[in-house]
Amino acid sequence: MKPLELSGDAVGKGNLILVNPSHPIQNEVARERLVSVTHGVTQTPIFLEKQSARMLSEIISILNSADRITPVSGFRSLSEQTEIYNTSLSENGETFTKKYVAIPGCSEHQTGLAIDLAENSGRIDFICPDFPYTGICGEFRKLALRYGFIERYPKGREEITKISHEPWHFRYVGYPHSVIMKENDLTLEEYTDFLKGFPEDGKHLYFSYENNQFEIYYLPVAAEDRILTVVPDGIPYQVSGNNEDGIVMTLWRAQ
């Protein structure tokens with residue numbers, strides 16, 4: 001077994017961080033971690049965090065859809081999110097803005113893990129782009145799960161997410177978490193709580209999918225803490241905070 005030291009600042013980092021009005025972003029992604037995903041009709045440069053950008057690129061390549069699916073919005077700085085929010089308040093009013101535009105400091109776009117997509121069918125609405133559940137967009141949705149993306153704001157979950165249904169907004173949480181969330185019909189808010197039921201010193205979550213087996217468990221970590229855990233030698237693993245009160249460990253085990 002290999003020792004692994006974790007500190008409280010890790011709670012605000014990783015693919016599984018929960019960002020919403022109750023969970024402001026703690027660490028805006030470093031600019032050197034961003035890469036361009038601009039293609040299609042979009043003229044303004046659009047960036048995502050490196051791993052999520054690579055996964056998005058693979059989906060687009062497999063579907064041969066660079067001319068049919070267009071990135072609309074990716075990473076936004078705090079100042080950019082503030083400008084979008086204030087502009088929407090001015091042009092669309094408070095009711096619309098609260099439904100569709102996250103409060104500055106509480107936007108997933110500031111993580112570099114969120115992307116808004118549009119079907120390339122002429123004029124694109126950059127606040128509420130059209131991304132239907134049929135055609136090439138439907139094919140994207142099917143493949144997105146395998147590459148770590150979820151539809152972040154599903155219909156009927158507005159009371160939980162505090163954002164209206166946004167079929168165009170996808171969030172990278174990483175594989176296999178995207179598949180587990182879909183199979184259990186969970187939003188990220190619900191999944192964050194769900195994982196707390198699998199503590200390090202209790203029953204772990206085991207999940208098998210496509211000849212891969214995963215072991216997942218949760219460690220509570222306070223902001224000022226430094227804790228020591230162990231991981232098996234020779235097994236790939238991922239560490240992600242939940243931006244609330246702990247860290248999620250994901251181990252890739254042989255089938």
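Predicted model: local features only at pLDDT ≥ 70, side-chain atom pairs only at ≥ 80, totals over all residues.
1. The largest pocket. The space in the largest pocket comes to about 600 Å³. It is lined by 31 residues, of which Val-72, Ser-73, Gly-74, Arg-76 and Ile-84 are the closest to its centre. Three elements, namely strand 4 (69–73), helix 2 (78–92) and strand 7 (166–172), each supply at least two lining residues. Helix 2 provides the largest share of this lining, with four residues.

2. Sorted by class, the lining of the largest pocket holds 15 nonpolar, nine polar and seven charged residues. A reader preparing this region for calculation will therefore find charged side chains counted in the lining, since Asp, Glu, Lys and Arg make up the charged class.

3. The cavity. How many cavities of 30 Å³ or more does a search of the whole structure find? The search returns one. By class, five of the residues lining the largest cavity are nonpolar and two are polar, and none is charged.

4. Helix 1, dimensions and start. Helix 1 (50–63) is made up of 14 residues, and the distance from its first C-alpha to its last is 20 Å, close to the 20 Å expected at 1.5 Å a residue. At the start of helix 1, a side-chain oxygen of Glu-49 comes to within 3.1 Å of the backbone nitrogen of Gln-51.

5. Helix 1, buried side. Ser-52, Ala-53, Met-55, Leu-56, Ile-59, Ile-60 and Leu-63 are the buried residues of helix 1. Because they cover an arc of only 165° around the axis, they are placed on the same side of helix 1.

6. Helix 2, dimensions and faces. Helix 2 has 15 residues and spans 20 Å between its first and last C-alpha atoms, close to the 21 Å expected at 1.5 Å a residue. Its buried residues are Gln-81, Tyr-85 and Ser-88. Viewed down the axis of helix 2, these buried residues fall within an arc of 65°, so they line one face of the helix. Ser-79, Glu-83, Ser-90 and Glu-91 are exposed on the other side of helix 2.

7. Backbone exceptions in general. Most residues other than glycine have a negative phi, and most peptide bonds are trans.

8. Asn-64. Just after helix 1, Asn-64 has a positive phi of about 50°. Asn-64 is in the loop between helix 1 and strand 4. Is this residue buried or exposed? Asn-64 counts as exposed because its relative accessibility is 61%, and the cut-off for exposed is over 50%.

9. Glu-210. Although Glu-210 is not a glycine, its phi is positive, at about 50°. Glu-210 is placed in the loop between strand 8 (205–209) and strand 9 (212–220). With a relative accessibility of 45%, Glu-210 counts as partly exposed.

10. The cis peptide bond. Which residues does a cis peptide bond join? The bond links Tyr-175 and Pro-176, with omega at about 15°. Pro-176 belongs to the loop between strand 7 and helix 6 (177–183).

11. Thr-44. The loop between strand 2 (34–36) and strand 3 (47–49) contains Thr-44. Thr-44 is exposed, its relative accessible area being 55%. Thr-44 and Ser-73 are 29 residues apart in sequence, and their C-alpha atoms are 9.0 Å apart in space. Ser-73 is also among the residues closest to the centre of the largest pocket.

12. Thr-111. Thr-111 is located in the loop between helix 3 (94–100) and strand 5 (114–119). At 5% relative accessibility, Thr-111 counts as buried, because buried means under 20%. A polar atom of the side chain of Thr-111 lies 2.6 Å from the backbone oxygen of Glu-108.

Key: Residues numbered from 1 in each chain as written. Heavy atoms only, no water. 1 Å grid on protein atoms, 1.4 Å probe; cavity = no way out; pocket = protein on both sides within 12 Å on 5 of 7 lines; lining within 4 Å. Points joined across faces, edges and corners; volume = space filled by probe spheres on them. Buried < 20%, exposed > 50% of the residue type's maximum accessible area, 1.4 Å probe, protein only. Expected span 1.5 Å × (residues − 1). Arc of directions from axis to C-beta. Polar contact = N/O pair within 3.5 Å; in protein donor to acceptor, adjacent residues only side chain to side chain.
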